[in-house]
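Okay, thanks for coming, everyone.

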Amino acid sequence: EINLTPPKVNPSLKVIFFRELSTLLDAGIQLVDAISIVQLQFEDKNFQKALGEILVFVKAGHPFSEALGEHKNIFPPFVISMVSAAEMGGGLDQILSQIAMYIEKEDDVRKRLSSAVAYPKFIGMFFSVVLAGVMFGLMPKFAAIFDGFGAELPPSTQIMIDISTFLRSHLILEAILGGGIYIGYKAFKASPKGTYFIDKNIFKIPVAGHIIHKSMISRFAKTLAVLIRAEVSIINALKIAGNTADNAYIKEITENVATQIAHGRSLGGQLGRYDDVFPIMVSSMISVGEKSGALAIMLEKISEFHEADFNVAVDKLSKTIEPIVMGGLGIVISVIVITLYLPIFQMSTAIH
């Protein structure tokens, strides 16, 4: 069996695993026995295999966090850090319950984003197929009919025919150009400089950038709050939160801020230096939380606020993007139909 990509596990399975494990530990069942009981419930082969290896690792006397760390493609760094902190400070059942809640919310955010863009993506793909059919199939037939009449065509119709002829005559060149652009973009995105450039400017994208920004701040604040409640040091918590943001620019910021905090500076003051990512309201609330000793509570409030803002933005996007896409496609289709049939109307008028 050859796996070209690391096996993926549905987030809902991880939610069930951590939630049931938390319940069993809270009931006084030993960790090894709890993992053995929970493992039997899953039919997903990849997840069941991973849990089996984790069980063997824990039975051998290794810490649970270390066992999870052997499957980083399934369990992200913040999960491993939180479990490790719980193993040192106690309260593993409560930490596992928090992890389950966090993964569940993350999955919900991901699904909302996917559902918001699913319909426009489908319409765009369908229209692309229709447009290709018109340019490569329908347009040549109309061009042959118009040539048979020998009449002078309107400029708009002639332009459409010329575009169709050019596209059909340079298919190999277009395939090479399209493949080159795709490979070039992938190579640029995979390079450190390209990844950094895209991640730094992604928040500037109209409409979508605002939604991504809200989601990122909510995730960052929630992760940081959960880690702080798990008694992970603020420096390590920052680095983990930066990694889970899945953004090279955010990761650089958190590493710089962690370095400054190690020298005695405040978290809110340092985040305030990056107001293109962390608005003044966020850094101010964090500063208040630091001074009042309620940093985790303040971070949770920031996460809740931006999560609510994110939900409103996604709902607005879903309601506004559909009529815009449909209206735009209607206009384009109308222009194509009028352009194709305008010469026929003109010829009919001339005959009468």
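Quick definition before we start: rings of Phe, Tyr and Trp (its six-membered ring) pair if their centres lie within 6.5 Å, and planes under 30 degrees apart count as stacked, over 60 as edge-to-face and the rest as tilted. Also, this is a predicted model, where local features need pLDDT of at least 70, side-chain atom pairs count only at pLDDT 80 or more, and totals for chains, interfaces and linings use all residues. Residues are numbered from 1 along each chain as its sequence is written, and side-chain values use heavy atoms, with hydrogens and water left out.

So, how many aromatic pairs does a search of the whole structure find? Ten. Take Phe17 and Phe75: the ring centres sit 6.3 Å apart with the planes at 50°, so we call that pair tilted. Phe17 is in helix α1, residues 11–26, while Phe75 is in the loop between α4 (64–69) and α5 (77–89), so to speak a link between distant parts of the chain, 58 residues apart. Helices here are DSSP runs of H or I, at least four residues, numbered from the N terminus.

Buried or exposed? Phe75 is buried, at 0% relative accessible area; buried means under 20%, exposed over 50%, partly exposed in between, with a 1.4 Å probe and protein chains only.

Phe75 also pairs with Phe47: centres 6.4 Å apart, planes at 45°, so tilted. That pair links distant parts too, with Phe47 in helix α3 (residues 45–59), 28 residues from Phe75.

Finally, Phe17, Phe18, Phe42, Phe47 and Phe75 form one aromatic cluster.

Definitions and conventions. Helix = DSSP H or I, 4+ residues; strand = E, 2+ residues; numbered from the N terminus.
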